[in-house]
Amino acid sequence: MSPSDRFNLIETVSELSNGEFVKLRYALNPDPDVVPPLDGRLKEECSEALLKWAESSAGPGLSQVQSVLGFG
């Protein structure tokens with residue numbers, strides 16, 4: 001994934017409403033301690049944590065995130 005694609009992905013995830021972000025997190029199903037709750041945190045921090053988990057060996061990959069979001 002190119003740097004601009006990565007930027008667009010985190011921008012898209014960060015701009016989700018809180019409700020949509022919760023739905024995305026639920027759909028991807030990371031371990032509860034991987035992605036902090038939105039309570040008082042910047043959504044960008046939570047988005048970064050979610051995407052770092054997704055691209056790690058424990059996660060489903062960034063392409064799965066894109067699929068859940070309806071990219072391609």
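Helices (H or I, at least four residues) and strands (E, at least two) are taken here as DSSP runs, numbered from the N terminus. On that basis, Glu15 lies in the loop between α1 and α2.

Before I continue, a word on the basis of this talk. The model is predicted, so local features need pLDDT of at least 70 and side-chain atom pairs count only at pLDDT 80 or more, while totals for chains, interfaces and linings use all residues. Residues are numbered from 1 along each chain as its sequence is written, and side-chain values use heavy atoms, with hydrogens and water left out.

Let me turn to the overall fold. The protein has four helices and zero strands, and its elements run α-α-α-α from the N terminus. For 72 residues, a compact globule would have a radius of gyration near 11 Å, and the protein agrees, with 11 Å; this radius is taken over C-alpha atoms, and the globule rule is 2.2 Å times the number of residues to the power 0.38. Of the 72 residues, 32% are buried, where buried means under 20% relative accessible area, exposed over 50%, and partly exposed in between (1.4 Å probe, protein chains only).

Next, helix α1. Which residues of α1 are buried? They are Leu9, Val13 and Ser14. These residues cover an arc of only 130° around the axis and therefore lie on the same side of α1, the arc being that of the directions from the helix axis to the C-beta atoms. Their cover includes α2 (18-28), α3 (43-55) and α4 (62-69).

Glu15 and Lys43, 28 residues apart in sequence, are 8.1 Å apart in space, C-alpha to C-alpha.

Finally, the charged pairs. The structure holds three salt bridges, each a side-chain nitrogen of Lys or Arg within 4 Å of a carboxyl oxygen of Asp or Glu. Arg6 pairs with Glu55, with the closest N and O atoms 2.7 Å apart. This pair links distant parts of the chain, Arg6 in helix α1 and Glu55 in helix α3, 49 residues apart. Glu20 pairs with Lys23 at 3.4 Å; because they are three residues apart in helix α2, about one helical turn separates them. Glu48 pairs with Lys52 at 3.2 Å, and these two are four residues apart in helix α3, again about one helical turn.

How values were computed. Contact = heavy atoms within 4.5 Å.
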